[in-house]
Amino acid sequence: MPRIYPLEKTRNIGIIAHIDAGKTTTTERILYYTGISYKIGEVHEGTTVTDWMPQERERGITITSAAVTCFWTQSYLKKTEDKEEKIKGEYKINIVDTPGHVDFTAEVERSLRVLDGAVVVFDGVQGVEAQSETVWYQADKYKVPRICFINKLDRIGADFEFCLKSIEERLTKDAVLLTLPIGQEEHFRGVIDLILMKEVYFEGDKGEKVVYKDIDSSLQKEAEKWREILLEKLAERNEEFMEKYFSHSFTVEDIRQAIRRATLNYNFIPIFVGSALNNKGIQLLLDGVVDFLPSPLDLPAPKGIDPLTNQTIERKPIDEEPFSALVFKIQVDPYVGTLSYLRVYSGTLKTGMTVLNTTTGENLRVGRIARMHANNREEIEELFAGDIGAIVGVKTLKTGDTLSDPKKPIVYEKIEFAEPVIWMKVEPKTKTDQEKMGLAIKALVDEDPTFKLTQDPDTGDTLIGGMGELHLEIKVDRLKREFNVEVNVGKPQVAYLETVTKEGVAEGKYIRQSGGRGQYGHVWLKVEPLERGKGFEFINAIKGGIIPDNFIPSVEKGVKEAIEKGVLAGYPIRDIRVTLFDGSYHEVDSSDIAFKIAGAIALQEAVKQANPILLEPIMKVEVVIPQEFLGDVTGDLSSRRAKIEEIFDRGMTKVIRAKVPLAEMFGYVTVLRSLTQGRGTSIMEFYNYEPLPLVLAENIIGNRRVNAK
Ligand code: GDP
């Protein structure tokens, strides 16, 4: 079947927001108005359609990404009843659901990779909150053009000017209002469209009828003021429009074109206003998605590596190119099995086709392809360039895998994921749980690259690791709900790291030469510190075959194993460069195993010479509290070794921003609740690793030694 929706009429977008800003409600309304979702589900009724998993509904946060497809024609256009005409005018919008909680920024990053544009939702009372800021800069990193929605203008305390100002101060100078609220808080009635210069109301039961009216004289002046700001900012950013603006000869279409170009150039951020809950403003936001966000054709052709030549190559986003796609999400659906969500970058994926998983080198036959709509799954035959869908029932794919035409392979840039900063022991409650636990955890690990499973080498305990306490709590919750596995959990443990602070040099010898065939491995290693976050580097500086080439990988292997075991207190060593610069070998006795052991011995010795220290994970924390608790809360934070960086007002509340060691933040949610009579909220996110103060380090080193005995 040929493609129905041309590429220029495709939008792949994400809706991103701070938790509680209204992302779920906004998505829900979008799906309703686009006609796919027939019943509006409210978050508090637990019936939203993008949130799949039961505990997401209960917690009201979206943890996992799912992609949903819907269709839209601009509301200012005349609607046609002719089916073919209607389809011709329609745009296809794929919404990749991004997670709303800050513990899951890895998931946000992953979804940003496959988006072409984003809608950022703000709470009209709170303005810019911590996560919006984090995600904003991530979106900058991936060059995602975006539009904004100031939501909740019906709430008490709503203030679009405050919100706009906080966007301008904290995020970008390029934010420009395209709609203006008529009334605010309980008086919020509709919006003024500053391009059309019309009042717009949303009538009918669920605001589904968009009604345009002339601007009332009482609002005229205010509307003109904001329109002038819009036109001026636009002229500053678009030369072609500047000429038209100064000669006073431009049309509505000229304005839209200029906004589109400036938005795609990353120097203009259109802002819409409304209230998702009260069904106001969403349709104009949808018009904005279609009018101003890019189609796959508007963006540079994606680049990857040809695995055969190691050269950088590109694929144009057209159906005729060789097939290539990136897997961005694995989801296990209890009814359909494994869904591997992918974004097709080039070519066409058809059922029955064999594709190459370029990341693993395995071939794969694609049996079924599906597209998700708000309340149903549609089995399809083909996915075209620029589109998003899911392969059904294949268990071998992982997040981040590239798929391509076996004859024309390409690997897209790998997504880098952080290592866990926290570990927790899990123990099955009963014997039946024991049997199921391993498989269930593995299924969760396959979905989420920041979630890890390991065994404590000393005690044999099963440990799960992740990016924060809440991250792990949610996994444990899912084990119970989705897999029927009950576990007891241990106290969370901080994932400390070890590192070196100066150069160290040492020799490692593994020589056994008494009778029969002996062992001979001998190396000299140098270790030195690397910049924080750089991990591990191994350099082979052996010249003239002092150690034959075939033994070098064994030395590296020994070094790597020793690095994972640590030297000070059994934690992995990071941010270290290891150089193999000397050694010797024996014609008969040298072996892989001897060089591996020698490498490990030398590494341990060299690290001991290099003044090793412990590093601890530091979290970026934002606490929002009513004014009267400020003293108590900052006092408590200080006792947790917090570095308080900023305290400011947000509406009626105080916001505290701080960097705090993760070790001091276990159970903080409960503490904050009791300090603030339940009115404080906090979020945290991993920031970086920093040296652990000596006194504390001694404790940990002491403890680990006692435990190990
Ligand atoms: P998310 O965490 O960003 O997905 O936010 P939700 O959509 O779950 O909304 C969080 C809370 O805010 C819910 O209780 C919603 O009912 C409420 N909410 C969402 N949009 C609005 C709005 O426009 N006005 C008001 N007053 N409340 C809203």
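Which residues are the closest to the ligand, and how many residues surround it? In this predicted model, the ligand is surrounded by 17 residues, of which Asp20, Lys23, Thr24, Thr25 and Asp154 are the closest.

**The ligand and its shell**

Sorted by class, the shell around the ligand holds seven polar, five charged and five nonpolar residues. Helix H1, which spans residues 23–33, supplies the largest share of this shell, with three residues.

| Residue | Protein atom | Distance to a ligand oxygen atom |
|---|---|---|
| Gly22 | backbone N or O | 3.0 Å |
| Ser275 | polar side-chain atom | 3.0 Å |
| Leu277 | polar backbone atom | 3.2 Å |

The ligand taken alone exposes 570 Å², and 85% of that area is buried by the protein.

**Thr26 in helix H1**

Helix H1, the source of three shell residues, also contains Thr26. The relative accessible area of Thr26 is 0%, so this residue counts as buried, the cut-off being under 20%. The side chain of Thr26 reaches the backbone oxygen of Gly22 at a distance of 2.7 Å, while Gly22 also has a backbone N or O atom that lies 3.0 Å from an oxygen atom of the ligand. When residues up to four places away in sequence are not counted, Thr26 touches Val121, Phe149, Asn151, Ala276, Ile282 and Leu285.

**Glu208 in a loop**

Glu208 is found in the loop between strand S9 (198–203) and strand S10 (209–213). Its relative accessibility is 39%, and Glu208 is therefore classed as partly exposed, a value between the cut-offs of 20% and 50%. A polar atom of the Glu208 side chain lies 2.8 Å from the backbone nitrogen of Lys206. Leaving aside neighbours within four places in sequence, the contacts of Glu208 are Tyr32, Tyr33, Glu203 and Gln283.

**Strand S7 and its partner**

Strand S7 (residues 179–182) is covered on both faces, with Thr179 and Pro181 buried on one side and Leu180 and Ile182 buried on the other. S7 pairs with strand S8 (residues 190–193) in the antiparallel sense, over four bridges, and within this pairing Leu180 stands opposite Ile192 in S8.

**Strand S35 and its partners**

Strand S35, made up of residues 613–626, is mostly covered, since twelve of its 14 residues are buried. Antiparallel pairing links S35 to several other strands. Strand S38 (residues 681–691) is joined to S35 by ten bridges and runs antiparallel to it, with Glu690 in S38 as the bridge partner of Glu616. Strand S37 (residues 653–661) pairs with S35 in the antiparallel sense over nine bridges, and here the bridge partner of Ile625 is Lys654 in S37. Strand S30 (residues 497–499) also pairs with S35 in the antiparallel sense, over three bridges, where Glu498 has Leu614 in S35 as its bridge partner.

Methods. Residues numbered from 1 in each chain as written. Predicted model: local features only at pLDDT ≥ 70, side-chain atom pairs only at ≥ 80, totals over all residues. Heavy atoms only, no water. Near = heavy atom within 4 Å. Polar contact = N/O pair within 3.5 Å; in protein donor to acceptor, adjacent residues only side chain to side chain. Areas by Shrake-Rupley, 256 points an atom, 1.4 Å probe, with all protein chains shown as cover. Helix = DSSP H or I, 4+ residues; strand = E, 2+ residues; numbered from the N terminus. Nonpolar A, V, L, I, M, F, W, Y, C, P; charged D, E, K, R; others polar. Buried < 20%, exposed > 50% of the residue type's maximum accessible area, 1.4 Å probe, protein only. Pairing = 2+ DSSP bridges. Contact = heavy atoms within 4.5 Å.
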